[in-house]
Amino acid sequence: MKQLRMLALSLALVGAAVSVKAQTLDEVVSKHISALGGADKLKSLKSQVMEGKMHLQGMELPFKSIIIQNKGMRVEFEVMGTKNIQVATTTGGLTFLPVPQQTEPVDANPDDIKDISQEVDLAGELFDYKTKGSTAELIGKETIEGQELYKIKLTRKDASVSSYYLDAKTYYIAKRVSPKTIQGQEVEITENLTDYKKTSDGFVYASQVEQQPMGIKMSFEKVQYNGPVDEKVFEKPAKK
């Protein structure tokens with residue numbers, strides 16, 4: 001009888017621990033959403049246009065990023081007097097890169113744009129993640145270079161995984177780590193997001209983003225949300 005009582009107590013404690021963990025995850029995600037302006041603010045997102053500088057291999061390149069919510073993105077950057085374009089949508093994509101002697105736009109490799117839905121969700125993957133078919137797990141708290149971070153493992157419905165690290169003070173995303181397949185090789189991509197700012201209409205964004213191991217650093221100087229964006233920016237330019 002005593003053993004049964006101990007077993008019952010043990011099961012109760014396990015159940016309580018699971019409950020607390022779930023509540024803690026919900027609390028962390030809820031505070032993250034609040035830090036970004038709240039659910040209604042995130043639901044209102046329709047488009048994003050960002051302009052700035054991209055630092056790569058010792059070069060400083062002007063660039064512009066255009067995203068339409070859950071539809072697609074277009075990135076433009078200038079190199080040695082040439083305008084280079086990369087487009088990715090939920091249905092396809094293209095590249096036009098004169099700098100490596102590409103003379104006309106070509107369709108993007110499907111493997112290179114298969115994860116695009118993650119990038120064109122302006123509200124972020126943690127927002128309403130259950131509705132999107134993802135699951136999340138609060139792994140715990142870590143201290144990296146003196147910064148306390150909550151680590152959340154996000155598993156999407158296609159079984160792909162990313163780890164999100166949220167600043168324990170601001171609840172902004174400080175880092176995202178994702179395994180990717182690039183040119184047939186498995187690579188762990190780490191994105192560090194810093195220097196968060198807020199637009200005049202209350203939208204929050206990281207003004208500095210670093211991607212490793214590519215060694216790409218981006219600084220955003222001009223950001224606009226929900227301005228008019230024509231979906232024709234995703235179309236392949238006509239041949240001259």
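In the predicted model presented here, Lys41 lies over the face of Phe203, at 4.3 Å from the ring centre. A charge is taken to sit over a ring if NZ of Lys or CZ of Arg is within 6 Å of the ring centre and within 35 degrees of the ring normal. Lys175 is likewise placed over the face of Tyr165, here at 4.5 Å from the ring centre. Because the model is predicted, local features need pLDDT of at least 70 and side-chain atom pairs count only at pLDDT 80 or more, while totals for chains, interfaces and linings use all residues. Residues are numbered from 1 along each chain as its sequence is written, and side-chain values use heavy atoms, with hydrogens and water left out.

Four aromatic pairs are found in the structure. Rings of Phe, Tyr and Trp (its six-membered ring) pair if their centres lie within 6.5 Å; planes under 30 degrees apart count as stacked, over 60 as edge-to-face and the rest as tilted. One of these pairs is Tyr150 with Tyr171, which is stacked because the ring centres are 5.9 Å apart and the planes stand at 20°. This pair links distant parts of the chain, 21 residues apart: Tyr150 belongs to strand E8 (residues 147-155), and Tyr171 to the loop between strand E9 (161-167) and strand E10 (173-182). Strands (E, at least two residues) are DSSP runs, numbered from the N terminus. Tyr150 counts as buried at 15% relative accessibility, and so does Tyr171 at 12%; buried means under 20% relative accessible area, exposed over 50%, and partly exposed in between (1.4 Å probe, protein chains only).

Tyr172 and Tyr196 form another stacked pair, with 4.4 Å centre to centre and 25° between the planes. Since Tyr172 lies in the loop between E9 and E10 and Tyr196 in strand E11 (residues 185-198), this pair ties together parts that are 24 residues apart in sequence. Tyr196 is partly exposed, at 23% relative accessibility.

Turning to strand E3 (residues 72-79), seven of its eight residues are buried, so the strand is largely enclosed by the rest of the structure. E3 pairs with strand E2 (residues 59-68) in the antiparallel sense over six bridges, where two strands pair if DSSP finds at least two bridges between them. Eight bridges join E3 to the antiparallel strand E4 (residues 82-89). Val75 in E3 stands opposite Ser65, and its bridge partner in E4 is Gln86. The hairpin of E2 and E3 has three residues between the strands, and Asn70 there takes a positive phi near 60°. In the hairpin of E3 and E4, with two residues between the strands, Met80 in the turn has a positive phi of about 50°.

Key
Helix = DSSP H or I, 4+ residues; strand = E, 2+ residues; numbered from the N terminus.
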